[in-house]
Amino acid sequence: MVQIPKQQPAQQPSVKPSSVKQPARGSVPTSADVARLAGVSRATVSYVLNNTSAVRISEPTRRRVHDAAKELGYVPHAAARSLRAGHTRIVLMPTPEVPVGPLYSGFLNELQWALSRLDYTVVQYGSVGVGGDDAARAWAELRPVAVLAPVGMGPDGIAVLKRSGAKAVITLGPAPVEDAHALLMDHREVGRVAGEHLLARGHRTVGVVMPREAGLDLFAEPRLAGVRAAGADTVPLPLAYKEEDAAQVAARIRAAGIKAVFAYNDEYAMLLMRALQDAGCAVPGDVAVIGADDLMLGRLLRPRLSTVRIELPSGRELAELVDRLVRDPAAAPEVRDVMGATLVEREST
């Protein structure tokens, strides 16, 4: 570790800030301007603004540099910094191609905030109509230092990203991908927990809502498989997120004599509960309903909604993992099971 000597008081600029030469009006401030205003070297400015961990700089000096940069409106030149480092500080998070609920949105927001605190720039990027390995070629153009790759990314796409300079490629999905780190999110566990609860309540046959919205089958199919793995007989119930569609499904449930439903998540569960009640069905007397995600609105319903609480890692924990993997690009692929599921039993079952 390099130690930067503390500046002695006699070495500090004795002039007032107004007497320090300012950049010409309309010109772009440089690190040299920041160094003059802060009374430090350009190297020190670089160490401070790039958060260089191998160099120790006193806190008062750091504050002076940041204050000077703020006063001048200076920000580091990302392209120049990338050329020096051989890579960007971009962490690429491909935009989800399916609607995401409040739970996942909150997780993404927390992760982005935590990564920014570690001096990474988070970029969400999508390629309309392009996915999997083909999308990796478009993402590689940004030269990200790390990528959180979506389901569908294969070994070829991983290789493209690594050749472009990505030091860490992390997949999110039910199974690991060769040569990439993996955060396993197996939604079968969600269905299994819901199915076991309904079986314990005496229901052998379970209706399982299958959203009609494009892309959600990626999560719905594993949840259906989880209910079946719990030992229940299942009746898939395709349902679009519309009141008229929910009314039709409620009528089907009544006609088929289905007494228990796992409604995919809390939002579909609330939609279906309203339709069942409008059709004269008592919940849970006639039909037991359970959702997933444990949203606040589910607690405000009457009856209160039973649900499966999905547990994801904290954004800070995952950001620290990304940072560690970037710093050690030669590390063997890590596989972590990061999604848990627990029952929250309330009145609707």
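Helices (H or I, at least four residues) and strands (E, at least two) are DSSP runs, numbered from the N terminus. With that settled, I looked up Leu 295, which sits in the loop between β11 (288-290) and α12 (296-300).

I noted the ground rules next. This is a predicted model, where local features need pLDDT of at least 70, side-chain atom pairs count only at pLDDT 80 or more, and totals for chains, interfaces and linings use all residues. Residues are numbered from 1 along each chain as its sequence is written, and side-chain values use heavy atoms, with hydrogens and water left out.

Back to Leu 295: I found it buried at 14% relative accessible area (buried is under 20%, exposed over 50%, partly exposed in between; 1.4 Å probe, protein chains only). Leaving aside neighbours within four places in sequence, Leu 295 is in contact with Pro 102, Asp 266 and Glu 267 (contact means heavy atoms within 4.5 Å). Pro 102 lies 193 residues from Leu 295 in sequence, yet their C-alpha atoms are 8.0 Å apart.

Then I turned to salt bridges (a side-chain nitrogen of Lys or Arg within 4 Å of a carboxyl oxygen of Asp or Glu). I have 15 of them in the structure. Arg 212 and Asp 245 form one, at 3.5 Å from N to O. This pair links distant parts of the chain, 33 residues apart: Arg 212 is in the loop between β8 (205-211) and α9 (217-229), and Asp 245 is in helix α10 (residues 243-256). Arg 212 is exposed at 53%, whereas Asp 245 is buried at 13%. I also jotted down a salt-bridge network linking Asp 294, Arg 299, Arg 309 and Arg 346.
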